[in-house]
Amino acid sequence: MSFLQHCSLLTLLVLFLFFQIPVAVLSFQYKVGDLDSWGVPPPSMPGLYSLWSKNHNFTIGDSLLFLYPPSQDSVIQVTERAYNTCATSDPIRKMTDGNSVFNITAPDTFFFISGNRVHCQKHQRMQIRVPSADGKFFPPPGADAPAPAAAGPSSYANAFGPMPMGLRSGAGSGAVGGLGISGVAGAVGSVIAGLFFWILV
Ligand SMILES: *[C@@H]1O[C@H](CO)[C@@H](O)[C@H](O)[C@H]1NC(C)=O
Ligand SMILES: *[C@@H]1O[C@H](CO)[C@@H](O)[C@H](O)[C@H]1NC(C)=O
């Protein structure tokens with residue numbers, strides 16, 4: 001293989017990586033708590049959801065997947081006040097189908113609790129903070145927000161990675177498919193890389 005061909009292959013490789021990696025992390029679907037069941041945390045780990053939330057960086061375009069037996073639980077999005085008091089009567093959004101996807105579409109702090117007040121009181125609640133595109137958090141951490149309780153080994157939250165956002169079915173099965181956006185961008189990258197290759201050879 002000639003020197004030039006080596007260079008071309010290298011260019012191709014570099015361009016391929018350059019276009020693939022940045023777009024592959026555009027959006028994720030996070031399974032809440034990395035758990036197959038949104039439920040009351042074990043007594044040994046009351047801060048499970050706070051810890052999980054703290055250990056992930058959420059961005060606009062990501063989504064949260066709450067899985068639970070619909071006969072036993074639900075998830076409601078509430079105000080900060082309702083979050084703090086486990087008030088379930090006036091939710092912002094109520095999700096009950098057992099396979100609930102919450103799309104993150106704006107920078108904010110989002111509060112979720114179980115639709116079952118007793119479950120919420122047993123720490124089945126979670127808040128996530130989503131920064132704006134420039135990385136700033138909005139609103140600033142509220143003074144009356146309780147500090148998330150730290151509990152459990154930190155390795156727990158990182159035991160599973162986030163799921164890449166897949167080509168989900170209408171039913172929201174949560175199945176992981178291909179990366180839609182990165183597929184297109186990757187193809188563009190490959191075409192450009194191919195052109196470089198063609199010019200160099
Ligand atoms: C989240 O972002 C912070 C600061 O940019 C970084 O140090 C940390 O590794 C990130 N965590 C994850 C799980 O990506
Ligand atoms: C969330 O986004 C997905 C894909 O963009 C869409 O199919 C789904 O209807 C959205 N769900 C809600 C509750 O807006």
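## Basis of the model

The model is predicted: local features need pLDDT of at least 70, side-chain atom pairs count only at pLDDT 80 or more, and totals for chains, interfaces and linings use all residues. Residues are numbered from 1 along each chain as its sequence is written, while chains are lettered from A and ligands numbered from 1 in the order in which they are written.

## Strand 2 and its partners

Strand 2 spans residues 63-67. Strands here are DSSP runs of E with at least two residues, and helices are runs of H or I with at least four residues; both are numbered from the N terminus. Strand 2 pairs with strand 1 (residues 28-31) in the parallel sense, over three bridges. Pairing requires that DSSP finds at least two bridges between two strands. K31 has L65 of strand 2 as its bridge partner. Between strand 1 and strand 2 the chain passes through helix 2 (residues 48-54), in a right-handed β-α-β crossover. Right-handed means that, with the strands pointing away from the viewer, the path from the first strand over the helix to the second runs clockwise.

Strand 5 (residues 99-103) runs antiparallel to strand 2, and five bridges join them. Here L65 stands opposite V101.

Side chains alternate along strand 2. L64 and F66 point to one face and are buried.

## Two positive phi values

Most residues other than glycine have a negative phi. D34 is not a glycine, yet its phi is positive, at about 55°. D34 sits in the loop between strand 1 and helix 2. D34 is partly exposed because it has 18 other C-beta atoms within 10 Å.

H123 also has a positive phi, near 75°. Its loop lies between helix 4 (117-121) and strand 7 (125-130). H123 is buried, because 22 other C-beta atoms lie within 10 Å.

## Around Q77

Q77 belongs to strand 3 (residues 75-78). Q77 counts as partly exposed because 16 other C-beta atoms lie within 10 Å.

Leaving aside neighbours within four places in sequence, Q77 is in contact (C-beta atoms, placed from the backbone, within 7 Å) with P91, I92, R93, F110, F111 and F112. Q77 and D90 are 13 residues apart in sequence, and their C-alpha atoms are 9.5 Å apart in space.

Notes
Buried ≥ 20, exposed ≤ 12 C-beta atoms within 10 Å, placed from the backbone. Contact = placed C-beta atoms within 7 Å.
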